[in-house]
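This briefing sets out the overall form of the model and then a selection of individual residues. Please consult it alongside the sequence and the coordinates.

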Amino acid sequence: MTQTRFWTACMALIGAAFFNAARADTVTLTASADNSMYSESGQLSDALGDGIFAGTNGVGNVRRALLRFDLSAIPPGSTITGVSLNLYLSRTRAGSVPVTLHRLNASWGEGTSIAPGQGGGGGPATSGDATWTHRFAGGAEWTTPGGDFVTTPSATTNVGAQGNTFTWSSASLVADTQMFLDMPSMNHGWIVRAPEFGDASAKRFDSRESSTASRRPRLTVTFTPAGAPTGACCVGTSCSVVTQAQCTTLGGTWQGSGVPCSPSPCGVTNIGACCLTNGSCVSVTQTQCTSQGGTYRGNGTSCGTANCPVVLTPFVDALPIPGIMQPVTGFPGGTAHYDISMTEFTQQLHRDLPPTTVWGYDGTFPAKTIEARQGRPVTVTWRNNLRTPLGELRTTHYLPVDLCLHGPNMFGSVPRTTVHLHGGHVSSASDGQPDDAYPPGQSAPLYVYPNNQPASTLWYHDHALGITRLNVYMGLAGFYLLRDAQEDALNIPRGEYEIPLAIQDRSFNPDGSLRYHEMWHEHFFGDSILVNGKVTPFLNVKRGKYRFRILNGCNSRTLQLLLSNGHTFWQIGSDTGLLPAPVAMNSLTIQPGERADVVMDFGIYGPGVQIILVNQAPAPYPGTAGVGVVPNVMRFNVQSMQGHTAALPAALVPVPRIPEAQAVQHRSFSLAKEFDPGCGHDMWMINGMMWDDITEFPIFGTTEVWSWVNRSGVTHPMHMHLVSFQVLDRQNFTVIGGEVVPTGSRITPPANELGWKDTVQCPPNQITRVIARFDGFTGRFPYHCHMLEHEDHEMMRQFEVCIPANIPSPPPDVNSCFGGAAAFTISATGTNLSYQWYREGVPLVDGVGEHGSIVSGATTPTLNLSNLSYFDDGPYACRAFNVCGESIYGAYLRICVGDFNCSGGTPDDADVNEFFTAWNAGSPQADVNASGGTPDDADVATFFERWLTGEC
């Protein structure tokens, strides 16, 4: 070889080496292992079948597929720049559904099992097989049945019709594969999942045993060997110098080899907020966002306002059941006294969330249940002991407070609290009035709950003016279960088969903290649903009936609950009592503040069946189907043991209807949104008035009909304190010339609304009528929309129950003398009475009168008069009145003339002598006819007329 040819060959080798260092290689791998798991049994698998399964079959059983790939063909130290997984869909009856990949955290096996037929039912597991309960049959188990995996999906794609190949690709898949390459011991592959609630969603993909090689699972990996060149990488407007592979991993756009970051080549065109599944946000292009499996919020949007949801795996935590609150004296269910503090603490609300700071009563969220019994009073001392992590009493709220709202505009961001027993028939002083809220370090006066009402599902929660939504969102709520002999006599599920379910929605930041709007919004809809303080938990149930006391404890979200298999359940109670008879239901719509007592029968299912309690209500409600829906509520896992199997009673308790003819008053309330010039945005109002505008004064012991006229586009849950009411009907209306005009006939309520209620759903463009008897207590009580954002601004007002003023009998007539004194006293009945005394129809005022007499007590039950003259002689009357009515009675004051010396006896000669002495002196005392002049002959005539008759 000549010297020239030698150098030419060397340069060619160098060039090839440089080219190989800069290029990206691609390799396509087939699965090294795959398998399917079946939720109905830990004894099923399908290792060598020609299909793998994901989703739910027609009877609610879940399938999950497992995949693993050998990456030894990729040189160690390489940088993974792209990954795509291809699966061929060979069989499905479901429509298009999202199918997700999750990185597995534990090893698993592929034995020799093979399922018969199409493989959908699984086959007996063999040694080493992965099953629903075991990573390796006969050996190691999963930590969580169904697989140990990262809850946040690594990639998602919509899978539709069979006969097609579907592809998954994302930045998270790249990151997973890079980890598998760098740490081969962590290469456990992925789990494949389809929706596991609602209708059947099962998908069958060809496995690595497929007879058609092109249909087997394929993983295509693009990588760059070590030593690749660097250049500018734009992630949003930020710039960094990295390799092309690193830039791709960052979700950025590589500007080319050797391109510097100064000046920056990164512009802002077509950049926006991209929400990743872990709740974090990056500013990238829409294409970059999609490649990372994120949700793009639009060009120009900011991560500061994106509110990215944290995506949490459902059904990994067991349902907590609230404990029973223990009294200081007495016992639960008896006459008892409780001392309960509101405190701040942390609690883990989901397996994959860091601990969340919450508030609770007695240190739990939700609070422990207060057990009570009809006729046995309960008293409570409520204490606000909210403190910072340093132990100092809180002076500011944990959440941002909008200081423009009524309440915070007076008290600032101090976390004031007060406790309302929702549905309780209690006095105004124990009702938890919004105005009665008190700051940390203080307590409420003793609250008395007489428990003089039927058995029902009550609940207690915060009710502080202007910050109720914040305090309840932090966790201040709990059940109060009231029982009675009628309920005891019914053979319905109880004990372990009676479970309260407090359903609430929340949003989280990636650090586990609660996320909420900084300023007031008219609604809040969380992106996760909690039941009893856990995100989408599961409950293992025996094969029998369960009684669930369901509370919609959400701030604004309406729930439309149904079972994923569409089966029937029965409602046996509403807000404040049992229904006349069980009502068969396939779905239940329940708004914030409402309760529903339902019975579900799991005795008809075999062991291993899983049924999901699903929510289908759009947000806001009503709305477009699917919009704003958080579907998963909780899951029931049916066990093999028998439970409560007795039949439900055909009849429950009598609920006599209140005749509408008994109503003495009909009131109408317009529900609408109006502009608030003070805060610069809309607010919700009732009849265009606010909290301090009191115009409703029901008379104690009377019945009224209240009509909620909903002129807005959302359904309002209207709640009345003090009373339980019955729903009469609903009627459509139109607005003509600004006036509401009813149309069509009145619609009777459904059977599950024929019990006692305290919160009623008021749909848009309808008049919802309820009837209530106002008895038990007098005083002021709130009524409001129970969407907490609405009641905080300003959809809450007050009514006052009162007893009309009444004066049973008139005061006696009074005799007095010139210069003397007199007093009238009346005994009036009624509430919050006011008084006004009159003389000859003219109102009296305290002080010295025109003729020198002195008046005091003119606006009290006792009128006092002194330094009387003959001008004060005459009729007097008192008007006792309040907002409910008035009563007037009169009496006569006579200034004595015949008994001139005021001796109190029959007029005699001494009276004559004293009269003439005064008359001769021209004294005003002798002006007995009250002429106002010098005593004259007319006064003499008047005196002797009285003296001769023996009159005073």
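Helices and strands are DSSP runs numbered from the N terminus, a helix being H or I over at least four residues and a strand being E over at least two. Proline 366 sits in the loop between strand 21 (356–361) and strand 22 (367–373), and a cis peptide bond with omega of about -10° joins phenylalanine 365 to proline 366. The model is predicted: local features need pLDDT of at least 70, side-chain atom pairs count only at pLDDT 80 or more, and totals for chains, interfaces and linings use all residues. Residues are numbered from 1 along each chain as its sequence is written, and side-chain values use heavy atoms, with hydrogens and water left out.

**Overall form**

- The protein contains ten helices and 58 strands.
- Its radius of gyration is 40 Å, well over the 30 Å that the globule rule gives for 952 residues, so the protein is more spread out than a compact globule. The radius is taken over C-alpha atoms, and the globule rule is 2.2 Å times the number of residues to the power 0.38.
- Along the principal axes, the C-alpha atoms fill a box of roughly 165 × 75 × 60 Å.
- Of the contacts in the protein with a separation of 6 or more, 73% are between residues 24 or more positions apart; contact means heavy atoms within 4.5 Å.

**Surface and charge**

- The accessible surface of the protein is about 36700 Å², and 54% of this belongs to carbon and sulfur atoms. Accessible areas come from the Shrake-Rupley method with a 1.4 Å probe, and for residues only the protein chains shown count as cover.
- Of the 952 residues, 55% count as buried. Buried means under 20% relative accessible area, exposed means over 50%, and partly exposed lies in between (1.4 Å probe, protein chains only).
- There are 54 positive and 78 negative side chains, and the centres of the two sets lie 19 Å apart. Lys and Arg count as positive and Asp and Glu as negative, while His and the chain ends are not counted. Each charge is placed at NZ of Lys, CZ of Arg, CG of Asp or CD of Glu.

**Nonpolar core**

- In soluble globular proteins, nonpolar side chains tend to be buried together. A nonpolar core is here a set of buried Ala, Val, Leu, Ile, Met, Phe, Trp, Tyr and Cys residues joined through side-chain atoms within 4.5 Å.
- The largest nonpolar core has 47 residues, and those with the most contacts inside it are Tyr361, Trp382, Tyr449, Tyr460, Tyr480 and Phe508. Strand 20 (residues 336–347) provides the largest share of this core, with five residues.
- Leaving aside neighbours within four places in sequence, tryptophan 382 is in contact with residues including Ile340, Met342, Tyr361, Tyr449 and Tyr460.

**Backbone features in loops**

- A cis peptide bond also joins tyrosine 621 and proline 622, with omega of about -10°. Proline 622 lies in the loop between strand 38 (610–615) and strand 39.
- Asparagine 532 has phi near 55°, a positive value in a residue other than glycine. Asparagine 532 is in the loop between strand 29 (528–531) and strand 30 (534–535), and counts as buried at 2% relative accessibility.
- Alanine 930 has phi near 50°, likewise a positive value in a residue other than glycine. Alanine 930 belongs to the loop between helix 9 (909–921) and helix 10 (937–949), and is partly exposed with a relative accessible area of 23%.

**Selected residues and their surroundings**

- Aspartate 34 lies in strand 1 (residues 25–38) and is buried, with a relative accessible area of 0%. Beyond its neighbours within four places in sequence, aspartate 34 has contacts that include Trp108, Glu110, Arg208 and Glu209.
- Isoleucine 658 lies in the loop between strand 39 (632–642) and strand 40 (663–676) and counts as buried at 14% relative accessibility. Leaving aside neighbours within four places in sequence, isoleucine 658 is in contact with Thr703, Gln726, Trp756 and Ile771.
- Aspartate 846 is found in the loop between strand 53 (842–843) and strand 54 (847–848) and is partly exposed, with a relative accessible area of 49%. With neighbours within four places in sequence left aside, aspartate 846 is in contact with Val855, Ser856, Gly857 and Ala858.
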